[in-house]
Amino acid sequence: MVADSASPETCRPRTPTTTEGAAARAAALADVALADVALADVALADVVVLSPPGLAALANALIGDGYRLVGPTVRSEAVVLEELESADELPWGWDVDADAGRYRLRRRADRAVFAHAVGPQPWKRFLLPPASLLWRARRGESGFSVDPPEDPLPRYALFGVRSCDLAAIAVQDRVLATSAHPDSGYRGRRARSFVVAADCATPAGTCFCSSLGCGPAAAGGYDVALTEVVTGEEHLFLARAGSAAGDAVLPRLPSRPATPHDLDAARAVVGEAAQRMGRRLDPDGLPELLAAHREDPHWNEVAQRCLSCGNCTLVCPTCFCTTVVDATDVTGTVAERRRHWDSCFDLDFSYLHAGSVRASTSARYRHWISHKLGTWPEQFGTAGCVGCGRCITWCPVGIDITAEIAALRGGVPEGGGL
Amino acid sequence: MALPKLAVWKFASCDGCQLSLLDCEDELLAVAGQVEIAHFLEASRERVPGPYDVSLVEGSITTRDDAHRIQKVRALSRTLVTIGACATSGGVQALRNVADVDEYRSIVYPHPEYVATLDRSTPIAQHVRVDHELRGCPINRVQLLELLAALLHGGRPPRTTASVCTECKLRDNVCVVVAHGTPCLGPVTAAGCGALCPSYHRGCYGCFGPVAAANTAAVAESLRECGMSEADVTRVFRTFNADAPAFRKEAELHDAQSQP
């Protein structure tokens, strides 16, 4: 369990700041990738080396401790997050070819298990479930009674969380766990969860975590972090603990001490990953940029392409909006209040008396991107984007948040976009 | 206290939506205990005269007689609910709206002179005031039960403006467009089916009709990128909701482009 996991200072998405100009921004961008190569401060003595059977032992140890193991596995031609029975179900030997509006699984020559970047679902699927029953009430002889909650909150072991998603969980923690009005379900699931992070060695074509200081290495907010090294005959996982719970589990696994060679290899993996981001997003001055372009005709141009389908928000690991629906059974004796994910791209999301406040697609897209990158820092103290790239990959028409920002700045982004 | 009277009416349709009520299985007895089923020929030949508290209307208007009959149904009904793509948009039989019905009639029937039909299939709302509508081909019985419950007990009828994409994500489906390159109408189709087809790795066929302000042009571009010809794009918008305005207009554009 991550103690005070709500504010791991080290992996918070970089809050955009104003800079003097394009030259400074370019210099900052060039620095980002190298400056954020983590593992620089990891000491050799704090690392153990697991083999693939050692990784399986970690999964089994967590299951044995009563956790429900949730991790990546291949289903429907994608790497999805599901409850797993063992490490056998992990995506051994798969990676992905991802671009705007396109995702394809690829077979690898090796047996790498964490080479798939991120899949379609964020971890909020488990921490903030897409649909849940809040309460159920029954009409009685006099008045009504409320059913007790059906299940105790689950204890999840989140297995293979990328640094971008650790940052996203930290963002959701600030909104849902440590805010003035926390969500008891989220807070409970979070407090009971065990996080196994996996440093990213193979960013996808839509990844840009290093632009926002959110990766590719896990820098906090985990119980155990792994760096996978696959070179020739060698396939190993460098494991480091990030909490007391992590410290307790590692000695129970078959492992060997790390050598300087191992640590160098791990640093090389993460360092190279930082250089291979498929996208870049210049983070500087975004609130000011978006505020200055409120009436930009570009929003209408985006609206020509945007389906307003809401996919970007539903795959976003930081989007947290939900709505509640009340329903009564046909006999009128049982009433339920249910909650499910909502999207600001849904026309009814901003429905007040007499209509929707954001009636046009251009208004809805502007709202979404302005919240993510413009007003989120003021509201929550972090950026609302962690650079996972899901909104780019899983947009059916491939609208690219990095390209739209570049277009507002009046240029084409480096290394991707338009 | 007398139970509210429920009537079910059929116009031009396949009966599938009315059957959704009989398909309610576990809930059917509960429904039967809450209402007097006063007119439901699919279930019983007994007819209790009106007026009716709730009328469920299936089917579109395709004959002069039906155009008169729907006025009578409206006059007898306190609340009128249209159920299904035929009643809400004209149904698949609205394909005649972009063709010559006389030609169809002469091709299909040995004695076309016996067939009295209008040259257009129109939704119920073009003839009478409609209080609520349930989309779909067929409707989703869960939506039907929720609406009946709301009408019976004074709750707010459920409504959604979400697309099928939302239901896919709630169901944990992998997007068939992005991951498989399968053409799909989900982004412009109203939620309601629970993303049935994408759950079986098929693209959405638009059974629930267009969402409000559907960007059909952008979806058409996506369909073409997934390998559909202009003629296929025309056809996929011309199915169960062929005459729903957003789908009709998009089909017309591609029909024009696919002509030699």
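**Figure 1. Salt bridges in the predicted model.** Over all chains, the count comes to 40 salt bridges by the rule used here. The structure is a predicted model, and side-chain atom pairs count only at pLDDT 80 or more. One network, joined by salt bridges that share partners, takes in A:Arg136, A:Arg138, A:Asp147, A:Glu336 and A:Arg338 together with B:Glu146.

**Figure 2. The salt bridge between A:Asp95 and A:Arg108.** The two side chains meet with a distance of 2.9 Å from N to O. A:Asp95 belongs to strand β4 (residues 94–99) of chain A, whereas A:Arg108 is in the loop between β5 (102–107) and α3 of that chain, so the pair ties together parts that are 13 residues apart in sequence. A:Asp95 has a relative accessible area of 11% and is buried. A:Arg108, with a relative accessible area of 24%, is partly exposed. The limit that matters for both residues is 20%, because buried means under 20% relative accessible area.

**Figure 3. The salt bridge between B:Arg120 and B:Asp243.** In this pair the N to O distance is 3.5 Å. B:Arg120 is partly exposed, at a relative accessible area of 35%. B:Asp243 counts as buried, with 7% relative accessibility.

**Figure 4. The salt bridge between B:Arg224 and B:Glu230.** The closest N and O atoms of B:Arg224 and B:Glu230 are 3.2 Å apart. B:Arg224 counts as partly exposed at 28% relative accessibility.

**Figure 5. The interface of chain B and chain A.** On the side of chain B, 31 residues are in contact with 40 residues of chain A. The two chains bury about 2900 Å² between them, and 57% of this area is on carbon and sulfur atoms. Across the interface there are 20 residue pairs in polar contact, both residues being at pLDDT 80 or more. Two or more residues each are given to the side of chain B that touches chain A by α2 (28–34), α6 (141–153), α7, α8 (176–180) and α10 (216–225) of chain B. The largest share, five residues, comes from α6(B). By type, the residues on this side of chain B divide into 17 nonpolar, ten polar and four charged.

**Figure 6. A salt bridge across the interface.** The rule finds four salt bridges between chain B and chain A. The view shows B:Arg159 with A:Asp348, whose closest N and O atoms are 2.6 Å apart.

**Figure 7. Helix α7 of chain B and its surroundings.** This helix spans residues 164–171, and six of its eight residues are buried, so α7(B) is largely enclosed by the rest of the structure. The buried residues are B:Val164, B:Cys165, B:Thr166, B:Glu167, B:Cys168 and B:Lys169. In chain A they pack against α3 (124–127), α10 (311–315) and β14 (334–341), and in chain B against α9 (196–199). Just after the helix, B:Asp172 takes a positive phi of about 75 degrees.

**Figure 8. Chain A as a whole, for orientation.** Chain A has 418 residues, of which 57% are buried. Its secondary structure comes to 13 helices and 16 strands. Among the contacts in chain A with a separation of 6 or more, 72% are between residues 24 or more positions apart. The accessible surface of chain A comes to about 16700 Å², with 53% belonging to carbon and sulfur atoms.

Figure 9. A:Gly213 has its place in the loop between β9 (194–198) and β10 (224–231) of chain A. At 18% relative accessibility, A:Gly213 counts as buried.

**Figure 10. The polar contact of A:Arg279 with A:Asp400.** The side chains of A:Arg279 and A:Asp400 make a polar contact at 2.6 Å. A:Arg279 lies in the loop between α7 (260–275) and α8 (286–292) of chain A. With a relative accessible area of 5%, A:Arg279 is buried.

How values were computed
Residues are numbered from 1 along each chain as its sequence is written. Chains are lettered from A and ligands numbered from 1 in the order in which they are written. This is a predicted model: local features need pLDDT of at least 70, side-chain atom pairs count only at pLDDT 80 or more; totals for chains, interfaces and linings use all residues. Side-chain values use heavy atoms; hydrogens and water are left out. Buried means under 20% relative accessible area, exposed over 50%, partly exposed in between (1.4 Å probe, protein chains only). Helices (H or I, at least four residues) and strands (E, at least two) are DSSP runs, numbered from the N terminus. Contact means heavy atoms within 4.5 Å. Buried area is the accessible area (1.4 Å probe) that two parts lose on being put together, summed over both. A polar contact is a pair of N or O atoms within 3.5 Å; within protein, one must be able to donate a hydrogen and the other to accept it, and residues adjacent in sequence count only if both atoms are side-chain atoms. Ala, Val, Leu, Ile, Met, Phe, Trp, Tyr, Cys and Pro count as nonpolar, Asp, Glu, Lys and Arg as charged, and the others, Gly among them, as polar. Accessible areas come from the Shrake-Rupley method with a 1.4 Å probe; for residues, only the protein chains shown count as cover.
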